[in-house]
Every structure is written in structure tokens, then in C-alpha cells.
Amino acid sequence: MAGMTSCCCFSCIPTGSLGVIQRCGEYQGLQEPGCSCVCFPFTTVQPVSLALQQHVCKTDCKTKDSVMVKVMTAVQYKIERDMVKAAVFHIEQPLRQIEAEVDSILRSTVPSMTLDESYEAKDKMVEEILSSVKEAMKRYGYDIIKVRFRFFCVQVFMCFEVSRS
């Protein structure tokens with residue numbers, strides 16, 4: 001078989017991760033942490049961390065009393081070991097999906113409250129965000145552990161009526 005060559009390479013997966021094995025783009029299975037020999041370029045291994053991770057979402061909202069606030073929401077998550085295939089192949093941009101869920105809750109809640117009311121309701125909003133994001137990401141293998149956030153006042157809009165004489 002003249003002209004047939006392939007390259008055997010090593011795939012090293014760190015502790016706390018799994019490797020997603022693909023052969024010609026098709027899912028083949030998982031590689032446990034450690035080294036393995038693969039036939040590149042036909043077989044590839046993509047490492048996926050199972051460790052707890054955090055993503056910070058930034059949402060701009062305007063309160064009922066015309067105060068612009070920037071809400072920094074930290075979403076802590078991890079990928080479930082038995083759902084790694086879904087986490088890699090069934091969703092393209094998981095962090096954008098998390099951001100969309102967080103933005104949806106905040107932008108539907110904060111504008112109906114004054115700044116003081118929104119500070120008072122922050123625990124309720126955290127629970128609502130946790131519940132919503134957890135439900136949206138569960139089928140993709142993402143386990144949402146905790147949600148925390150902070151308010152930052154950006155700008156207060158003052159409205160004046162100008163009368164002409």
C-alpha cells in the first residue's frame with residue numbers, strides 16, 4: 001500500500017477532565033484522564049473540564065425610577081460526567097445561552113422596580129435566575145450550582161420640564 005501514511009499521536013487529558021473522542025467528526029466515546037495514542041488526523045480528542053467553573057454575565061437595566069444599573073451576575077456551573085456528549089454536541093454556545101437566560105430574567109424584573117426595591121428583591125431574583133438557568137441548561141449536561149450578583153449604579157437620568165416664556 002504505497003502512499004498510505006498516518007500519524008500516531010499522543011492525547012493527554014488532565015485530571016478532572018474527560019476527552020471526547022471523534023473519528024472523522026463522529027462521536028466515538030470518552031477518554032479518561034491520562035495519555036492515549038490516537039491516529040491523527042482521523043481521530044481527535046477534545047478535553048472537557050468537569051471542574052466547577054464560573055461565568056460572569058453583565059446586564060444593563062433601567063429601574064422604574066430611571067436609574068441605569070449594571071448587574072454583574074456570576075453563574076457557577078459544572079458539566080455532568082454522564083452528559084459530556086450532550087454538553088459538547090447538542091449546544092453550540094452554552095455561555096451565550098446562560099447569558100440569555102440571565103438577561104431575560106433581569107430585564108423583565110428590574111424595570112418594574114425602583115432601585116431600592118430591586119436591592120431588596122435581589123435574593124428573590126437570584127433564586128429565579130438559578131431556577132431558570134438550571135432548567136434551561138439541564139438537558140445539555142450543565143449543572144448550575146450557584147448564582148451571585150452585584151448592582152452597580154451607572155447613571156441617573158434627570159428629567160426637567162423646560163418652559164418657554
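**Reading exposure, salt bridges and the core**

Modeller: Let us begin with K70, which counts as partly exposed because its relative accessibility is 28%. By definition, a residue is buried under 20% relative accessible area, exposed over 50%, and partly exposed in between, with a 1.4 Å probe and protein chains only. Please note that this is a predicted model, in which local features need pLDDT of at least 70 and side-chain atom pairs count only at pLDDT 80 or more, while totals for chains, interfaces and linings use all residues. Residues are numbered from 1 along each chain as its sequence is written, and side-chain values use heavy atoms, with hydrogens and water left out.

Biologist: With which residue does K70 form a salt bridge?

Modeller: A salt bridge requires a side-chain nitrogen of Lys or Arg within 4 Å of a carboxyl oxygen of Asp or Glu. K70 pairs in this way with D60, their closest N and O atoms being 3.1 Å apart. Since K70 lies in strand 7 and D60 in strand 6, the pair ties together parts that are 10 residues apart in sequence. Helices (H or I, at least four residues) and strands (E, at least two) are DSSP runs, numbered from the N terminus. D60 is likewise partly exposed, at 39%.

Biologist: How many salt bridges does the rule give?

Modeller: The count comes to 5. Among them is E135 with K138, whose closest N and O atoms are 3.5 Å apart. These two residues are 3 apart in helix 4, so about one helical turn separates them. E135 is exposed at 53%, whereas K138 is partly exposed at 46%. Another is K134 with D143, at 3.8 Å between the closest N and O atoms.

Biologist: Which residues touch the most other members of the largest nonpolar core?

Modeller: A nonpolar core is a set of buried Ala, Val, Leu, Ile, Met, Phe, Trp, Tyr and Cys residues joined through side-chain atoms within 4.5 Å. The largest has 35 residues, and I98 and I144 touch the most other members. Elements giving two or more residues to this core include helix 2 (94-109), helix 4 (122-138) and strand 8 (142-156). Beyond four places in sequence, I144 is in contact (heavy atoms within 4.5 Å) with residues including I98, L130 and K134.

Biologist: Where is C24 found?

Modeller: C24 sits in the loop between strand 2 (17-23) and strand 3 (26-31). C24 has a positive phi of about 55 degrees although it is not a glycine.
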